[in-house]
Each structure stands twice: as C-alpha cells, then as structure tokens.
Amino acid sequence: MTIKKTNLRFIVFLTLLSLLVIPTTLAYADDDDDAEDIVENLGWVAVGAGIAANIPFIAMNKIRRYAIKTGSSTMQVAKQIRTVYKPVLNFHIMLNSIGYFAGMTHGLLLSRHLDSVSLSLAIVMSVMMVSGLLLKYTSSRNSKIFGKLLHGQFGLVILLASLVILHIVIGDD
Amino acid sequence: MKSISIVFILFVALSMVYIIPDVYAEDNDEDDREGFGEMKREREHQDEGIPIGTDIGNVILYGTIAAIGASIAYTAFKITSSKRKSSQKS
C-alpha cells in the first residue's frame, strides 16, 4: 500500500515537473532572443533551487550532529530537529529534482556552446542525482550504505560548487 | 520499484523527444544562406570559455571524471573494509 502511494506521488511529481518544464521551452522556441533568455534563466533556476535545497538541509544536519555530540543540554534541540527532518528532506529532494531537470534542460538546449566545464558539471550533477535516487529508492542494505556515503561526500560537494561558480564566471564573459 | 524505474525512463525519453528537436530548431532562416550558419557556429565556438579538447578543458574534464571515480572507489573500499572487519569479529 505504501509502495503504491509512493509510486503515485512520484508519478504525479514527474507529471507536474514535465508540465512545468516542457511547455515553457516549447512556447518560446521560435523566438530566438526570448528563447535564449528563457533557457539562460533555467540555469539560474537550477542554481537557485540547488542553493535553497542544500544549504538549509546541510545546516540542519550539522546542527543536529553537533547537538547530539555535545550531550544532554542540547538533546532537546536534536529532538526538535528530528521532528522536522522528514519535511525538510522532502523539500530537499523536490527542489534538487527541479534544479537537476532545469539544469539539464538548460544544458541540452544550449548544447551548441558545450564546453568542458558544462560537461563536467552535468556529469557531477548526474552522479549526485543517481546516488540520491539510490539512497531513496533502494531497499538493499549495501546499496543504501553506498548511496549514503557517495551522496554525502564532501569532496563531491566542493567539486560541484566550484564547477557551478566556474560555469557562471565563464558564462558571464 | 520496477514501475518507478519504468516511469522514470519514460519521463526521460519523453523529455528527450520534446527537447532534441528544439535544440536543432534554433537555426534562423537567415542561417540557411550558404555558409552563414557554419560561419556563425564557428564564431560561437571561438567565443566559448574553455572548449573541449584544449589542455585546460581536458584537465577539467578528466580531473572531474577521476575525482568521481576516486570517490566511488573510496566508498566501495570503505564498505568492503567494514564488512571484512565485521566478518572477522564474528
């Protein structure tokens, strides 16, 4: 029953996402300047969604870990954070998915200007997305651990952030 | 789980069907003039920041792929080593 519910939610989410993303790209495809603006804005949507999805989530996790480490006086804070963990996690997944698809649409529509930074960025984003999906949707213990370790790796996060900054700097020139 | 993956693949395939024609629809009628589109494209390629195939471009691309490979290998190593430890204990 729960699996069916999750599937239904996933299908509704993907349908809404496709309804949001595809018609906008199609509607402006004829008008060159407008189309380019829209496609560029999709990149900013991806950046904004990424920042909004990840900074609060990472901060919340850090605070929770710190509260658990420091002991009894801050345990109440950790407990309070635990109650909001699920909604914040869902928010993180939803915004990151929107950011990923917006970024990929931006990349595909501007594939004529493809450079090594964009390609590297697309690869890193895909790895993070796949590891997140692995973490969320697999039931096997090993793949869950693998997804968790890979998804939360600090090096990959730094690599992603630096590629995004490099891509923005190069795109502005 | 299977139905999720099928829906996901269908979604990606549907997106590709919609998006790929748009990528090629960007050419103007002006570009149909002989050689104009190609010249424009060449100019655009020259304007790019770090094109693929240049030294810096290759360093960035292969560096990223190497970093991803290393992190996947490190993760796999961590899992196998912890499994080995737990099996030795028991």
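Where in chain A is the place of Arg9(A)? Arg9(A) lies in helix H1 of chain A, residues 2–27.

The model is predicted: local features need pLDDT of at least 70, side-chain atom pairs count only at pLDDT 80 or more, and totals for chains, interfaces and linings use all residues. Residues are numbered from 1 along each chain as its sequence is written, chains are lettered from A and ligands numbered from 1 in the order in which they are written, and side-chain values use heavy atoms, with hydrogens and water left out.

**View 1. Chain A and chain B as helical chains.** Chain A has 6 helices and 0 strands, in the order α-α-α-α-α-α from the N terminus. Chain B has 3 helices and 0 strands, with the pattern α-α-α along the sequence. Helices (H or I, at least four residues) and strands (E, at least two) are DSSP runs, numbered from the N terminus. Of the 173 residues in chain A, 34% are buried; of the 90 residues in chain B, 21% are buried. Buried means under 20% relative accessible area, exposed over 50%, and partly exposed in between (1.4 Å probe, protein chains only). Chain B exposes about 6,600 Å², of which carbon and sulfur atoms supply 62%. Accessible areas come from the Shrake-Rupley method with a 1.4 Å probe, and for residues only the protein chains shown count as cover.

**View 2. A patch of positive charge on the surface, with Arg9(A) as one of its members.** Arg9(A), Lys86(A), Lys136(A) and Lys144(A) gather here. Patches are made of residues with over 30% relative accessible area and no salt bridge; like charges are joined within 9 Å, and nonpolar side chains (Val, Leu, Ile, Met, Phe, Trp, Tyr) within 5 Å. A salt bridge is a side-chain nitrogen of Lys or Arg within 4 Å of a carboxyl oxygen of Asp or Glu. Lys and Arg count as positive and Asp and Glu as negative, while His and the chain ends are not counted. The place of a charge is NZ of Lys, CZ of Arg, CG of Asp or CD of Glu. Arg9(A) counts as exposed because its relative accessible area is 63%.

**View 3. A patch of negative charge on the surface of chain A.** The patch gathers Asp34(A), Glu36(A), Asp37(A) and Glu40(A). Asp34(A) is in helix H2 (residues 32–70) and is partly exposed, at 35% relative accessibility.

**View 4. Gly48(A) and Leu95(A).** Gly48(A) is also placed in helix H2 of chain A, and is partly exposed at 36% relative accessibility. Its C-alpha atom is separated by 9.2 Å from that of Leu95(A), 47 residues apart along the chain.

**View 5. Ser116(A) and a contact to chain B.** Ser116(A) is in helix H4 (residues 116–137) of chain A and is buried, with a relative accessible area of 0%. Its side chain reaches the backbone oxygen of Gly57(B) at 3.5 Å.

**View 6. Ile50(B) in a loop of chain B.** The loop runs between helix H2 (36–47) and helix H3 (55–89). Ile50(B) counts as buried because its relative accessibility is 15%. Ile50(B) and Ile60(B) are 10 residues apart in sequence, with their C-alpha atoms 9.2 Å apart in space.

Technical notes. Polar contact = N/O pair within 3.5 Å; in protein donor to acceptor, adjacent residues only side chain to side chain.
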